[in-house]
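This report concerns a single protein chain. Please keep the sequence and the structure in view while reading.

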Amino acid sequence: MTEPMEQQNLSQPNQNNDEIDLVDLLRKLWVKRKFILTVTGIFLLIGLFVALVSPVSYTASCTVVPQSGENKSGGLSGVAAMMGVNLGTAMMSEGTLSPHIYPEIVKSVPFTLEIMQTPIVTKRANGKAITLYEYYTNKQYQDKNLLGSIKKYTLGLPGVLLGSLKKKNPIEETTFPLDSVTVYILNEEEKEEYETIQGFIQISTNSKEGYVSLSYSFPEAKPAAVITDKLYRTLEKYVASFKSEKLEDNLQFVEESYETARQDFLQAQSHLAAFQDANRRLATATARSTEMRLQSEFNIAFSVYSELAKQREQARISVKENQTILTLVNPAVVPHQKSAPRRSIILVGFLFLGIVSACGWVLGKPYVQDLFIEIEKK
């Protein structure tokens, strides 16, 4: 009975110390309340400045549904299996790209170069249509961004100095005819605009629901919708081009397989006919066995030949068909509300940061002073 009482008595001072420490911390904060309010007010003013001078941005978006290729090659897959050929999953879906590849297409340099040439009309262009590349490279078409200028010539000053030392050349497209390879060369200015455009593009795929979302952020509402629509149309062109190429490859494969099967069928037909003509009156078991084998080879060759003839016609029709690759279910609409800056969130964030910084300084300053005193003593 005495031991539990002693343990309870020992734990009591610790609880009292914890309560005393908490009261002491609150007392320190109350004593320095003017300092805390002053620092919080300064952070709040900084947040208000950032919220007011941050560039305005509008975000337009659209939603598309990829059309997956139907499995129209069921018979062909069976024929290919008999011939020892594996068509693979890409062929089975008629060369349709997976939506998971779309973000990589959007990130590619050729895709971004096409988006750079999107014609837009901005307020400072005075009704003149300019390209997106001209907008980002010519400051006269842009509104003044005070916050961006401060950031550029403070934190980004080393990059500005290094960029001014490098020679700027236009975009070059080098072609090597021997291997049909195209190489894109971007100088520092084009690389910067590429990164700028990529930073404003957003693409997300929803595998569960089966749709893809595209969006673009721009300082003005109407150009944001125009660029988003351009993103959709360019992506559809790239995906359709890939599918068309795969359908052509599929047709070529079927044509070659059909020609081979036709030769095999004609050869099996000739062998069977020749044997039947030469052995009309023979009724031996060997003759009957040979005729059955030749008949079996003829039936297999005919089955493969007839199936490939159907698949060849189907492949030809698929190449000629103009199928929709991406179905636009939610087109780009001119946004009416700004997507940035979110001034309320900025103010709340700076307010919280000011309170935490001020309280941290009040509570942590004595420990820091003691640490420096110990260092000086040693």
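## Basis of the report

The structure is a predicted model.

## The sheet

Four strands make up an open sheet, arranged in the order S6-S7-S1-S8 with antiparallel pairing. The edge positions are taken by strand S6 (201–206) and strand S8 (326–330); each has a single partner strand, so one side of each is left without a neighbour in the sheet. From one strand to the next, the twist averages 25°.

Strand S7 covers residues 211–218 and pairs with S6 in the antiparallel sense over six bridges. Within this pairing, Ile203 stands opposite Leu214 in S7. In general, strands of a sheet pair through backbone hydrogen bonds.

## Helices across the sheet

Helix H10, formed by residues 188–200, lies across S6 and S7 and runs at about 45° to S6. Helix H11 (residues 221–278) lies across strand S1 (58–66) as well as S6, S7 and S8, and its direction is at about 140° to S7.

Phe43 belongs to helix H2, which comprises residues 33–53. Its relative accessible area is 21%, so Phe43 is classed as partly exposed, given that buried means under 20%.

Leaving aside residues up to four places away in sequence, Phe43 touches Phe350, Leu353, Gly354 and Ser357. Phe43 and Leu353 are 310 residues apart along the chain, yet their C-alpha atoms are separated by 7.4 Å.

Conventions:
Residues are numbered from 1 along each chain as its sequence is written. This is a predicted model: local features need pLDDT of at least 70, side-chain atom pairs count only at pLDDT 80 or more; totals for chains, interfaces and linings use all residues. Side-chain values use heavy atoms; hydrogens and water are left out. Two strands pair if DSSP finds at least two bridges between them. Helices (H or I, at least four residues) and strands (E, at least two) are DSSP runs, numbered from the N terminus. Axes are lines fitted to C-alpha atoms, for helices over the stretch in contact, and angles run from 0 to 180 degrees between N-to-C directions. Contact means heavy atoms within 4.5 Å. Buried means under 20% relative accessible area, exposed over 50%, partly exposed in between (1.4 Å probe, protein chains only).
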